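Please prepare a briefing on the structure shown below.

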Amino acid sequence: MFHLRTCATKLRPLTASQTVKTFSQNRPAAARTFGQIRCYTAPVAAEPFLSGTSSNYVEEMYYAWLENPKSVHKSWDIFFRNTNAGAPPGTAYQSPLPLSMGALSAVARAQPLVGTQTNVDKLVEDHLAVQSLIRAYQIRGHHVAQLDPLGILDADLDSSVPADIISSTDKLGLAGFQERLRVLTVGGFYGLDESDLDKVFHLPTTTFIGGQESALPLREIIRRLENAYCQHIGVEFMFINDLEQCQWIRRKFETPGVMQFTNEEKRTLLARLVRSTRFEEFLQRKWSSEKRFGLEGCEVLIPALKTIIDKSSENGVDQVIMGMPHRGRLNVLANVIRKELEQIFCQFDSKLEAADEGSGDVKYHLGMYHRRINRVTDRNITLSLVANPSHLEAADPVVMGKTKAEQFYCGDTEGKKVMAILLHGDAAFAGQGIVYETFHLSDLPSYTTHGTVHVVVNNQIGFTTDPRMARSSPYPTDVARVVNAPIFHVNSDDPEAVMYVCKVAAEWRNTFHKDVVVDLVCYRRNGHNEMDEPMFTQPLMYKQIRKQKPVLQKYAELLVSQGVVNQPEYEEEISKYDKICEEAFARSKDEKILHIKHWLDSPWPGFFTLDGQPRSMTCPSTGLEEDILTHIGSVASSVPVDNFTIHGGLSRILKTRGELVKNRTVDWALAEYMAFGSLLKEGIHIRLSGQDVERGTFSHRHHVLHDQNVDKKTCIPMNHLWPNQAPYTVCNSSLSEYGVLGFELGFAMASPNALVLWEAQFGDFHNTAQCIIDQFICPGQAKWVRQNGIVLLLPHGMEGMGPEHSSARPERFLQMCNDDPDVLPNLQEANFDISQLYDCNWVVVNCSTPGNFFHVLRRQILLPFRKPLIVFTPKSLLRHPEARTSFDEMLPGTHFQRVIPEDGPAAQSPENVKRLLFCTGKVYYDLTRERKARDMVEQVAITRIEQLSPFPFDLLLQEVQKYPNAELAWCQEEHKNQGYYDYVKPRLRTTINRAKPVWYAGRDPAAAPATGNKKTHLTELQRLLDTAFDLDAFKNFS
Ligand SMILES: Cc1ncc(C[n+]2csc(CCOP(=O)(O)OP(=O)(O)O)c2C)c(N)n1
């Protein structure tokens, strides 16, 4: 910015009209920005009060005066006239007569005279004080807004009042207006005195309280600020770093008379409150001892959500994806999503039998999908509520991912058609870190959903915990400030104020496509659930709650008193809805079977048969024609655009790739390329997300090339493969696991025709996303009959890198597999391998060859159903000269190999084999090297289990039968209590009907996954190899 003082010497006097002409020619009509026109005479600059921040204010006055000399206070008019007429320093200002309303005419008669320095200072100070006062209300007004319907707690947990607003200590008791003014002014913060209250002050452009007026008496300024910022709405927005956005919010809340509702709107609001309230009452009457996590105390949530949806629909949104916790969920399903009431009521019937496979979930976790007409806008709208676990806030990133996917598939690049609404509890919103992680995804190019509306059901309690013990931030919503989301706190007992903020929130999202928070400050009429006694822990609060009139009753009384409805109309509305509930209840008794499928949040039309079954139980070959492999290989080893300079080191990498392709082989990176590239050709969208995935943590992938000479110029060769290919998205994520994995899981929910992969930087880090794995990925289908084909790539392997970069914890994934270790399945079943995949909860693989990795990725899409796929991926094998696969093993007719049998000399004379070693992953290469070194290639056979789960009983039985004289041993590099041993051993034993022992060759049990000492690491490795090849090792145990 270019300040008054700095340009003083360049100035020459102008008349106001001359200046106005020049000025308006030089700047855009609408913008009041300070451009080159900032020209004052030297005497102006010399005025002693024109320094620091005051100069900004004077500049503003000056521009207003230039446009219209009458628009500023007379005293400023005189000042600027004197200045432009060349008054010497300190003499341009002339003191006006007192500025009371009645005195204005006197001021108008004042003649330009040279005044005293004291008056100059006083005038400027008073204007600055008023400007500061306005700003103080904008910044801190929410601290004194009356937000708690109970009137006992401060929503910001602070009973003090900001010194620059009012000094009344009683925020809630509404001490008289006069009293507030008195305290504020007399000896108060701004140095104003009571006589200033009736003086008129010019309003800065940063406020809209004036409406059509540009100046107001101070008394009125304060009244309007109180009105805008200190009533039932607390607006928190001044931390936003964007002037346009701040102005937008100020306009929405400050403009006089902005919160007006038609009678029709009021009646709709009342009708919605009737539904919300009577629904809970109905459930309470019918099932008084059932948990339902009712909404009592925040019934306004239903009209609030409906307002957000109506407004968004009006703005063109046709799909809303929602996520929410337990509180009020049934009510939202019934009255927002419009799930048939009988479907909800029948869930309370304990005799209903489950019709679908899977174990199901409790009624307040289930999801839902519904397309309907929005009655207010007459437009179609699809509403879905994502199923969620108990784990509060865990569904947040899942909802975002699903929203992103829906936007992606309908080409909605700006979020104009599809949006997300997330509901939160106050304690969870403040306490759960996933909220923060999800906010951080909100503005990243590959993760943004272009604005989420967050609604917090802030009932000022978390189970039994008082908010003063549950958070350190003033509000539960402070986390949203990190992304500059405006936060609208609102007293939920004022339904019109709630509707207004919801309307503004939806408009904000539609205008700026950024997140926004509505904080519904309310209370919880019952305990945490309907069985809990809240008086044990919150006696005073609940005494107050017992006295609290329900919001429906209060609002109905208000509308009756205003003549908007009459009592009989209101009662009629209630009995109409009660009748709807009763009729649905009667119908619900006919339901004998519980169909979880009716609660599906993401249907995949066309993927299954009409009754929801896979279209086949087979999987075609995952191999490819050679010309396809060659073509993908050539793109993968080149730069497919002109005038693009890549790094010299990368040129060498691409050259090496080219040579591999020439030799008809692939390494790990090329195998992945082949799988992705071929699926893209088949119209399958691929999305690879995770930390540093574009290059690859181990610098092996390089899916995004960077021009070395032009900043941000990149090329993704994978998107240059085929003329009509599906798009490839590869995106470095924020440094989050929980949030990003949840997001990708949500993305994968939206369509079965996409390969969505999340890669951990190292497999170890997946455990910060454990909740997504435990609550969604592992049991998701069983709980919610919803399939998901997400792929987790987890770099894993003991390579002497220490305890933290070695283990993706295979034992954890294997322990959660649902295949029975003790029961041999029917190996004769047709398509045994595919049926096994269909029955499992997820697939766990550890590929030892690039080719097998290629096949398993392709199989993931070619299967007629979807299952999560967990892949332990290698690190050293990425560059291991033996970890290569010939094109021959990737051609049509080839498949993913669940087991790779021994194929060396041992397999030629199996009866001579003394030991059959089973292993998985990279240790295979250590074992073969050692076997060769010991010249034991005929005595020891090594068989790789590539698909650990579902366990390949059939193939392993063949392997064991092939080597009748061999003892069996499992070899792993992981410690004995980790890795695969505990999973594999009982299954191998079951395979052979426990005919032989299965020995163990590997590290001892340990607490940490690996040693931090390189030498120890090597010693341990040597010991396990010694055991594996010591044919007497297990003699003493037999
Ligand atoms: C991650 C997680 N931790 C703990 C719980 C147990 N729990 C269930 S409800 C609840 C209190 C939630 O309070 P709040 O977020 O304010 O929502 P409210 O129940 O008040 O609507 C707790 C701690 C949980 N469900 N999820």
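## Briefing

The side chain of Asp 601 makes a polar contact with the side chain of Ser 602, at 3.1 Å. A polar contact here is a pair of N or O atoms within 3.5 Å; within protein, one must be able to donate a hydrogen and the other to accept it, and residues adjacent in sequence count only if both atoms are side-chain atoms. This is a predicted model, in which local features need pLDDT of at least 70 and side-chain atom pairs count only at pLDDT 80 or more, while totals for chains, interfaces and linings use all residues. Residues are numbered from 1 along each chain as its sequence is written, and side-chain values use heavy atoms, with hydrogens and water left out.

**Asp 601**

- Asp 601 lies in the loop between β12 (593-594) and α22 (626-636); helices (H or I, at least four residues) and strands (E, at least two) are DSSP runs, numbered from the N terminus.
- Asp 601 counts as buried because its relative accessibility is 2%; buried means under 20% relative accessible area, exposed over 50% and partly exposed in between, with a 1.4 Å probe and protein chains only.
- The side chains of Asp 601 and Arg 786 are joined by a polar contact of 2.4 Å.
- Not counting residues up to four places away in sequence, Asp 601 touches residues including Gly 367, Tyr 369, Lys 402, Met 749 and Arg 786, where contact means heavy atoms within 4.5 Å.

**Whole chain**

- The chain holds 35 helices and 28 strands.
- Of its 1038 residues, 60% are buried.
- Among contacts with a separation of 6 or more, 80% are between residues 24 or more positions apart.
- The accessible surface of the chain is about 40,400 Å², and 51% of it belongs to carbon and sulfur atoms; areas come from the Shrake-Rupley method with a 1.4 Å probe, and for residues only the protein chains shown count as cover.

**Ligand site**

- The ligand is surrounded by 15 residues, the closest being His 326, Arg 327, Ser 390, Asp 426 and Ala 428; a residue belongs here if one of its heavy atoms lies within 4 Å of the ligand.
- Helix α15 (residues 426-431) gives the most to this shell, with three residues.
- The shell has five nonpolar, eight polar and two charged residues; Ala, Val, Leu, Ile, Met, Phe, Trp, Tyr, Cys and Pro count as nonpolar, Asp, Glu, Lys and Arg as charged, and the others, Gly among them, as polar.
- Polar side-chain atoms lie 2.9 Å from a ligand oxygen atom in the case of Arg 327 and 2.7 Å from a ligand oxygen atom in the case of Asp 426.
- Ala 428 places a backbone N or O atom 2.9 Å from an oxygen atom of the ligand.
- Taken alone, the ligand exposes 580 Å², and the protein buries 74% of that.

- In strand β11 (residues 516-521), six of the six residues are buried.
- Val 516, Val 518 and Leu 520 are on one side of β11, Val 517, Asp 519 and Val 521 on the other, and both faces are covered.
- Strand β9 (residues 452-458) runs parallel to β11 and is joined to it by six bridges, with Val 456 opposite Asp 519; two strands pair if DSSP finds at least two bridges between them.
- Strand β10 (residues 487-491) also runs parallel to β11, through five bridges, and Phe 488 stands opposite Val 518.
- Strand β24 (residues 915-919) is largely enclosed by the rest of the structure because five of its five residues are buried.
- Arg 915, Leu 917 and Cys 919 point one way from β24, and Leu 916 and Phe 918 the other way.
- Five bridges join β24 to the parallel strand β25 (residues 940-945), where Ala 941 stands opposite Leu 916.

- Ser 689 is in strand β14 (residues 685-690) and counts as buried, at 0% relative accessibility.
- The side chains of Ser 689 and Tyr 447 make a polar contact at 2.8 Å.
- Glu 299 lies in the loop between α10 (263-286) and α11 (301-314) and is buried, with a relative accessible area of 6%.
- Glu 299 and Leu 273 are 26 residues apart in sequence, with their C-alpha atoms 6.6 Å apart in space.
- The side chain of Glu 299 reaches the backbone nitrogen of Gly 297 at 3.0 Å.
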